[in-house]
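Here are a few exercises to work through with the structure open beside you. Try each task before reading its solution.

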Amino acid sequence: MPEQRWVRIIPVAFIMYTIAFVDRTNISLAMSQIGRDLHMDPTQQGNAFGLFFWGYVLLQIPGGYIAERWSAKWFVSALLVAWGVCAVACGLVQTQRGFLVARFILGVAEGGVWPAVLVLLSHWFPRAERARANAYWMLCLPAAVIISSPISGWILGRWGWRVMIISEGALPFVWLLIWNWYIADHPRKARWISTGECEHLEATLQHECGELDALPQEPILKTFLRPEVLLLVVIYFLINCGNYGYQAWLPTAIAKGAKNLSNFQIGALFAVPYVITMAGMVLNSRHSDRTHERRGHLSFALAWGGVFLMAGVLLSQNSPMLSFIPIALVGAGSYGGHGPFWAIPSETLPRRVAGSAMGLINAIGNLGGFFGPLAVGYLNKRTGSFIYGFGTLSLGLLLGSALALLLRPTKKASSPDTAISR
């Protein structure tokens with residue numbers, strides 16, 4: 001049955017990266033405790049959250065290349081072990097410097113996972129399905145917050161930040177076995193797929209790759225310097241500035257505006273925007289696949305996020321409680337563009353360079369995860385308010401929306417036969 005690709009590949013990758021996202025972001029709930037115990041001011045706390053991303057860039061380009069030329073499955077298996085060790089180490093350190101070093105190394109260990117999974121999905125889902133496949137997998141980003149925030153808040157309140165980080169850091173070792181059992185690099189390597197579906201998928205994917213591979217060959221450095229690749233880098237940088245700046249400081253902003261809430265209540269309230277985010281990601285990606293259009297869906301999503309974040313900032317001056325409504329709608333746009341965004345490289349670049357190009361985009365773009373939280377922390381320290389920090393993030397999302405319109409339109413899906421769809 002065609003649906004097996006959706007119920008075997010997507011959920012296993014989904015949970016795997018949910019664990020990764022929890023291990024990199026769970027410190028946002030514990031920022032005040034960590035700052036107090038390790039003697040960090042708001043700027044240093046923002047730096048501690050964002051330092052992860054300087055390590056994260058190192059394996060991005062090699063990760064895409066290794067996954068395409070060797071094996072996405074076994075590369076991710078090795079990284080599951082490495083980041084599990086590093087995540088546990090983050091909860092064991094005793095000094096500010098040790099914590100910063102552990103966060104950096106955790107970033108290195110997780111760095112190759114994202115491009116490797118994008119390569120894996122491109123081996124399983126034709127062009128007509130790719131935005132949905134990407135978005136369904138990337139639902140792990142908001143799902144990680146929804147699932148983990150109340151639990152992390154409860155562990156944090158009962159046992160403290162060290163137990164929270166160590167217990168969640170051990171999860172990759174459990175999921176390693178399931179990943180290795182279920183995942184195959186290509187349809188032809190999967191035992192559970194029917195012969196007819198395997199042959200159709202391989203033919204469809206080969207046809208689509210042939211259209212791109214027929215383009216004149218060029219050095220990989222020249223591919224990296226293509227205007228559309230550089231534009232995608234800038235757009236993704238702005239997306240991550242907004243998403244991670246928003247995520248890193250929203251629990252603190254909630255706690256500041258509602259001082260009587262417990263850690264569990266703050267965690268539960270923090271999860272609300274990400275429920276709406278999941279709906280936005282699904283709806284936008286499904287419509288993108290249905291219309292075979294990417295850049296307009298990306299631009300609209302980022303404009304949505306920027307407008308609602310700005311509305312929340314403006315309302316917070318007079319009605320802090322009411323401002324939570326537009327704030328809760330931000331992620332439906334700022335994350336909702338992920339499916340169309342990540343369909344663009346694999347639909348416009350030859351397969352031999354697409355993995356490395358996606359690594360480059362993710363590597364430099366994810367530095368926004370450093371600068372976004374750092375900017376909010378710095379402006380909060382200087383002004384005593386989150387208004388200017390969140391306002392800056394909203395302007396970045398609006399700029400990303402405008403830049404998305406400069407991307408070239410992607411080709412409509414084509415294949416020898418009708419593409420298999422869910």
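Predicted model: local features only at pLDDT ≥ 70, side-chain atom pairs only at ≥ 80, totals over all residues.

**Exercise 1.** Which side chain meets that of glutamate 197 in a salt bridge, and at what N to O distance?

Residues are numbered from 1 along each chain as its sequence is written, and side-chain values use heavy atoms, with hydrogens and water left out.

*Solution.* 
- Step 1: Apply the criterion, a side-chain nitrogen of Lys or Arg within 4 Å of a carboxyl oxygen of Asp or Glu. The partner is arginine 5, at 3.0 Å, N to O.
- Step 2: Helices here are DSSP runs (H or I, at least four residues), numbered from the N terminus.
- Step 3: Check burial, with buried meaning under 20% relative accessible area, exposed over 50% and partly exposed in between (1.4 Å probe, protein chains only). Glutamate 197 is buried at 7%, and arginine 5 is buried at 0%.

**Exercise 2.** Work out the salt-bridge partners of glutamate 228 and say whether each is buried or exposed.

*Solution.* 
- Step 1: Start in helix H14 (residues 227-257), where glutamate 228 is found. Glutamate 228 counts as buried because its relative accessibility is 17%.
- Step 2: Take arginine 226. Its closest N and O atoms to glutamate 228 are 3.5 Å apart, and arginine 226 is buried as well.
- Step 3: Now arginine 408, which meets glutamate 228 at 2.9 Å, N to O. This pair spans 180 residues, with arginine 408 in the segment after helix H21 (387-404). At 55% relative accessible area, arginine 408 is exposed.
- Step 4: List the contacts (heavy atoms within 4.5 Å). Setting aside residues up to four places away in sequence, glutamate 228 touches Leu407 and Arg408.

**Exercise 3.** Which residues of helix H11 are buried, and how are they arranged around its axis?

*Solution.* 
- Step 1: Get the dimensions. H11 (residues 171-182) has twelve residues and reaches 17 Å from first C-alpha to last, close to the expected 16 Å; that expectation is 1.5 Å times one less than the number of residues.
- Step 2: Pick out the buried set: Pro172, Trp175, Leu176 and Trp179.
- Step 3: Recall the geometry: an α-helix has 3.6 residues a turn, so residues three or four places apart point the same way.
- Step 4: See what covers the buried residues. The cover includes helices H1 (4-25), H5 (60-92), H7 (113-122) and H10 (161-169).

**Exercise 4.** How far apart are alanine 131 and serine 288 in sequence and in space?

*Solution.* 
- Step 1: Find alanine 131 in helix H8 (residues 130-138). Alanine 131 counts as buried because its relative accessibility is 0%.
- Step 2: Compare separations: 157 residues in sequence, but 6.9 Å in space, C-alpha to C-alpha.
- Step 3: Name the neighbours. Beyond four places in sequence, the contacts of alanine 131 include Ser285, Ser288, Asp289 and Arg294.

Note on methods:
Helix = DSSP H or I, 4+ residues; strand = E, 2+ residues; numbered from the N terminus.
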